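User: Could you take a close look with me at how the parts of this model pack against one another? I'd like one connected account, with the cut-offs spelled out.

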Amino acid sequence: MEINIDQTKWYDRIWAAFIFFTRLPFWRFHKPPKECYRTVVEHWPLVGWLTGGVMAATFYLCSFIMPVYLALLVAVVVRLLMTGALHEDGLCDFFDGFGGGGKDRQRILDIMKDPHIGTYGVLALVCYLALLFASLYAIATSQFSDLSSQFSVLSSQLNTPLGGLGGSPSQLFPALVIFAADAYSKMLASQIIMFLPYARTEQTAKNKTVYRKISVPAGISLFLQGILPLLPLLYIGTVTGLLRWDLLVFIPCLVMYFLYYMMMRRLRGYTGDCCGALFLLIELSFYLTTALQLQ
């Protein structure tokens, strides 16, 4: 018997999102109705609170016992394990399809559905991981020691030391960037389902699911899920003069628009692979924008 989505419980939809977007065994604790999987994008940034939070905490804790570059590698690997490289798989398929499919819409879709990875996908993944690590390393090793007086001003305003967790601003700030980037980028990427139709039918979709359009209440919830983790970073960046909030907020939006325009022109729709690629490329632009401002 088919259940109307609006008749499902809100917590069932959240469970579905965590089950869908991670490889953690949440399904052992609760099995939501299959209709809930049509709403998983509405809670995608909330999943980012988990994946981004664990990645940030991994870097923060590992930075005390190992070099920064190793702490970053461990943090990236931990998120890959949590998600099962779901988004990275989408990135490879996206570049294979758009790189090898030319202007033929059906050929792009066929290539994206092919389980094999092609030249464009390999190159895209290598370039993405290189830029990801380089930008994170630049953020984590920027000249924070020269900014100690600015952090002292912020600490006095907050009436608590920034290193209250046992660390220093040089470790805490990159962790905040990682946490904010994950949720904010997923919030932006999720907008694609409002701008474009699904490019396949439900029967030909990889996961046999077509996401529903986002309602106004769901849109408000989605916005809060994505923006709340960003606020501490924007506050610290503004007070210390480290970051321009307008660049940090709007450059990822420009990247999102460019990718949307490309999908509209060549695919006239989106797929799940497009969503994964959108998230990773928007997140990468967030890191690059932050890294360039800190130089």
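Analyst: Happy to! The accessible surface of the protein comes to about 14000 Å², and carbon and sulfur atoms hold 66% of that area (Shrake-Rupley method, 1.4 Å probe; for residues, only the protein chains shown count as cover). Please keep in mind that this is a predicted model, where local features need pLDDT of at least 70, side-chain atom pairs count only at pLDDT 80 or more, and totals for chains, interfaces and linings use all residues. Residues are numbered from 1 along each chain as its sequence is written, and side-chain values use heavy atoms, with hydrogens and water left out.

Of the 295 residues, 50% count as buried (under 20% relative accessible area; exposed is over 50%, partly exposed in between; 1.4 Å probe, protein chains only). The secondary structure consists of 13 helices and zero strands (DSSP runs numbered from the N terminus: H or I of at least four residues for helices, E of at least two for strands). Among contacts (heavy atoms within 4.5 Å) with a separation of 6 or more, 77% join residues 24 or more positions apart.

Now for the close look. Helix 4 (residues 86-100) and helix 5 (residues 105-113) have axes that come within 8 Å and cross at roughly 150°. That angle makes helix 4 roughly antiparallel to helix 5 (under 35 degrees is roughly parallel, over 145 roughly antiparallel, 65 to 115 roughly perpendicular, the rest oblique). The axes are lines fitted to C-alpha atoms over the stretch in contact, with angles from 0 to 180 degrees between N-to-C directions. Helix 4 supplies Asp93, Phe94, Asp96, Gly97, Phe98 and Gly100 to the contact, and helix 5 supplies Arg107, Ile108, Ile111 and Met112. These residues divide into five nonpolar, two polar and three charged (Ala, Val, Leu, Ile, Met, Phe, Trp, Tyr, Cys and Pro are nonpolar; Asp, Glu, Lys and Arg charged; the others, Gly among them, polar).

Helix 1 (residues 10-21) packs on helix 2 (residues 44-62) at about 60°, with the axes 9 Å apart, so helix 1 is oblique to helix 2. Ile14, Ala17, Phe18 and Phe21 of helix 1 touch Trp44, Leu46, Val47 and Leu50 of helix 2, a set of eight nonpolar, no polar and no charged residues.

Finally, leucine 132 sits in helix 6 (residues 119-140) and is buried, with a relative accessible area of 4%. Beyond its neighbours within four places in sequence, leucine 132 contacts Val76, Leu284 and Tyr287.
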